[in-house]
Amino acid sequence: ITDALLADEENFDWVHWVKGESNLPLTLEIQARLWRHQHPADCTKAKFVVWKMFGAGLGSDLHQVANALASAANLGRVLIANGTLGGSGTWKYSRGMGIPNPSAWFEELSNCTLEHVEMSDTPYYGPRWPHQSAGFAHSQMFYGGFKQLGITWWKSQAIRYIVRPNRRAASILMEKLTLLYNGT
């Protein structure tokens, strides 16, 4: 598996969100593939899956977005998350922050935006929109030949990609850790 999947990769130093030695097998490789898939060179030529953030429980939302990421990748589309589709307001974990989706806390899923989606002639607004569910056939397939590593491996990798903390979140985390360890 490794030779075929990594033929075009020589160095993974740019995958800065993966640190240390104690990672699951092929973590750098799948993180690099997800990033490259989600960051096309030209967003005006990309096809999209737009996923509405429900704001159920955080774990449920991450599970659903991980399935949507698999679906988008297997369909050859870029996943865009949005917390405002359907007029339901902002994703509940970003309320009051001026950002209606997970990018209030995490790095953007893609370099493409909703403006690119609006210019696209083939956007796909989740399965069975407006009552979307990521439990459709494309999310049950494993992305890019990683099937033998199992569903738990895939979910952990997808969620790891999704929850890459942005600068704001990293700053808050460092502040809280400093308070915790310094007792001030």
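**Disulfide count.** I first looked for disulfides in this predicted model, and the count came to one disulfide. The partners are Cys 43 and Cys 112, whose sulfur atoms lie 2.1 Å apart; the cut-off for such a pair is within 2.5 Å.

**Handedness.** I then looked up the angle about the S-S bond. For the link of Cys 43 and Cys 112 the angle is -85°, and the link is left-handed.

**Accessibility.** Are the two cysteines buried or exposed? Cys 43 has a relative accessible area of 6% and is therefore buried, as buried means under 20%. Cys 112, at 5%, is buried too.

**Largest pocket.** The largest pocket has a volume of about 230 Å³. Of the 16 residues that line this pocket, I recorded the closest to its centre: Ile 80, Ala 81, Asn 101, Ser 103 and Glu 108. Strand 2 (residues 78-82) gives the largest share of the lining, three residues. By class, I found that the lining holds ten nonpolar, four polar and two charged residues.

**Second largest pocket.** Here I found about 180 Å³ of space. Which residues line the second largest pocket? They are His 16, Trp 17, Lys 19, Glu 107, Arg 164, Pro 165, Asn 166 and Arg 167. I noted that this lining divides into four charged, two polar and two nonpolar residues.

Terms used
Residues numbered from 1 in each chain as written. Predicted model: local features only at pLDDT ≥ 70, side-chain atom pairs only at ≥ 80, totals over all residues. Heavy atoms only, no water. 1 Å grid on protein atoms, 1.4 Å probe; cavity = no way out; pocket = protein on both sides within 12 Å on 5 of 7 lines; lining within 4 Å. Points joined across faces, edges and corners; volume = space filled by probe spheres on them. Helix = DSSP H or I, 4+ residues; strand = E, 2+ residues; numbered from the N terminus. Nonpolar A, V, L, I, M, F, W, Y, C, P; charged D, E, K, R; others polar. Buried < 20%, exposed > 50% of the residue type's maximum accessible area, 1.4 Å probe, protein only.
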